[in-house]
Amino acid sequence: VPMVAPGNVQVHVLNSTLAKVHWDPVPLKTVRGHLQGYKVYYWKVQSLSRRSRRHVEKKILTFRGNKTFGMLPGLEPYSSYKLNVRVVNGKGEGPASPDKVFRTPEGVPSSPSYLKITDPTLDSLTLEWGSPTHPNGILTSYILKFQPINNTHELGPLVEIRIPANESSLILKNLNYSTRYKFYFNAQTSVGSGSQITEEAVTIMDE
């Protein structure tokens, strides 16, 4: 098997899901056989928004021939990763380079995990929601937009409310009675807005 590990391993994080890794080629005489390529082993150490450590699954990408760089796609935003590089000949892999640590920046969050609308009165509705399963960063706020829908399914004026990220419920007041409303709801990080979920609910008729 090859005798030495690739040197001078460098990681350039391009965005929240993509990084580029460079290394110096090993001297050909240390390959001790036919140079087949280089393997990059990489794995997520932890999410920076959640301190949970779970079973670490190592991923391997193989770059054929005498390439000295490669792309690592499909990374998770706002996470800490480690990687190392090994050279490969027809017999097997050489030793691993020292582990290199890198971090991905924040991305936009996934949609809130749910939105429930309860307790209708003449002029109010109560909203409850769950935080995104994948915050992909530090949540800065939620954005709620809503508008009335009349009997001919025309949409009325859109109202937008920004809600602090630590809230999980809201009572909307001063609504019209016996009116159907459509709600659009999403979460934000400093990078931008995640995908939204929509719901509809009706205030009750005149008591």
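Analyst: Before we look at any sheet, one rule is needed: two strands count as paired if DSSP finds at least two bridges between them. Please also keep in mind that this is a predicted model.

User: How many bridges join β8 to strand β9?

Analyst: The general idea is that strands of a sheet pair through backbone hydrogen bonds, in a parallel or an antiparallel way. In this structure, β8 and β9 (residues 125–132) run antiparallel and are joined by six bridges, with Pro-132 in β9 as the bridge partner of Pro-112.

User: What order do the strands of this open sheet have?

Analyst: The order is β8-β9-β12, an open sheet of three strands with antiparallel pairing. Its edge strands, β8 (112–118) and β12 (169–172), each pair on one side only, and from one strand to the next the twist averages 20°.

User: Which strand does β5 join through four bridges?

Analyst: That partner is strand β2 (residues 18–24), which runs antiparallel to β5, and within this pairing Lys-20 stands opposite Met-71.

User: Where is Asp-119 found, and is it buried or exposed?

Analyst: Asp-119 belongs to the loop between β8 and β9, and with a relative accessible area of 51% it is exposed, because the cut-off for that word is over 50%. Its backbone also deserves a look, for Asp-119 is not a glycine and yet has a positive phi of about 50°.

User: Which value does phi of Asn-8 have?

Analyst: Phi of Asn-8 is near 55°, which is again a positive value in a residue other than glycine. Asn-8 has its place in strand β1 (residues 7–15), and at 45% relative accessibility it counts as partly exposed.

User: How many aromatic pairs are there by the ring rule?

Analyst: The idea is to look at how far apart two ring centres lie and at the angle between the ring planes; by this rule the count comes to eight aromatic pairs. One of them is formed by Tyr-142 and Phe-185, which are stacked, with 5.3 Å from centre to centre and 10° between the planes. Since Tyr-142 lies in strand β10 (residues 141–149) and Phe-185 in strand β13 (residues 180–189), this pair ties together parts that are 43 residues apart in sequence. Both Tyr-142 and Phe-185 are buried.

User: Why is the pair of Phe-146 and Tyr-181 edge-to-face?

Analyst: Planes over 60 degrees apart count as edge-to-face, and the planes of Phe-146 and Tyr-181 stand at 65°, with ring centres 6.1 Å apart, so the pair takes that name. Phe-146 lies in strand β10 and Tyr-181 in strand β13, so the pair ties together parts 35 residues apart in sequence. Phe-146 is buried, at a relative accessible area of 7%, and Tyr-181 counts as buried at 4% relative accessibility.

User: Which residues do ring pairs link into a cluster, and which residue lies over the face of Trp-43?

Analyst: The cluster is made of Trp-23, Tyr-38 and Phe-63, linked by ring pairs. Over the face of Trp-43 lies Lys-58, at 4.1 Å from the ring centre, while Arg-86 lies over the face of Tyr-41, at 3.7 Å from the ring centre.

User: Where is the place of Arg-32, and what does Arg-32 touch?

Analyst: Arg-32 is in the loop between β2 and β3 (35–47), and it is exposed, with a relative accessible area of 52%. Not counting residues up to four places away in sequence, Arg-32 touches Val-1, Met-3 and Asn-89. A polar atom of the Arg-32 side chain lies 2.9 Å from the backbone oxygen of Val-1, and the C-alpha atoms of Arg-32 and Met-3, which are 29 residues apart along the chain, are separated by 7.4 Å.

Key
Residues are numbered from 1 along each chain as its sequence is written. This is a predicted model: local features need pLDDT of at least 70, side-chain atom pairs count only at pLDDT 80 or more; totals for chains, interfaces and linings use all residues. Side-chain values use heavy atoms; hydrogens and water are left out. Helices (H or I, at least four residues) and strands (E, at least two) are DSSP runs, numbered from the N terminus. Axes are lines fitted to C-alpha atoms, for helices over the stretch in contact, and angles run from 0 to 180 degrees between N-to-C directions. Rings of Phe, Tyr and Trp (its six-membered ring) pair if their centres lie within 6.5 Å; planes under 30 degrees apart count as stacked, over 60 as edge-to-face and the rest as tilted. Buried means under 20% relative accessible area, exposed over 50%, partly exposed in between (1.4 Å probe, protein chains only). A charge sits over a ring if NZ of Lys or CZ of Arg is within 6 Å of the ring centre and within 35 degrees of the ring normal. Contact means heavy atoms within 4.5 Å. A polar contact is a pair of N or O atoms within 3.5 Å; within protein, one must be able to donate a hydrogen and the other to accept it, and residues adjacent in sequence count only if both atoms are side-chain atoms.
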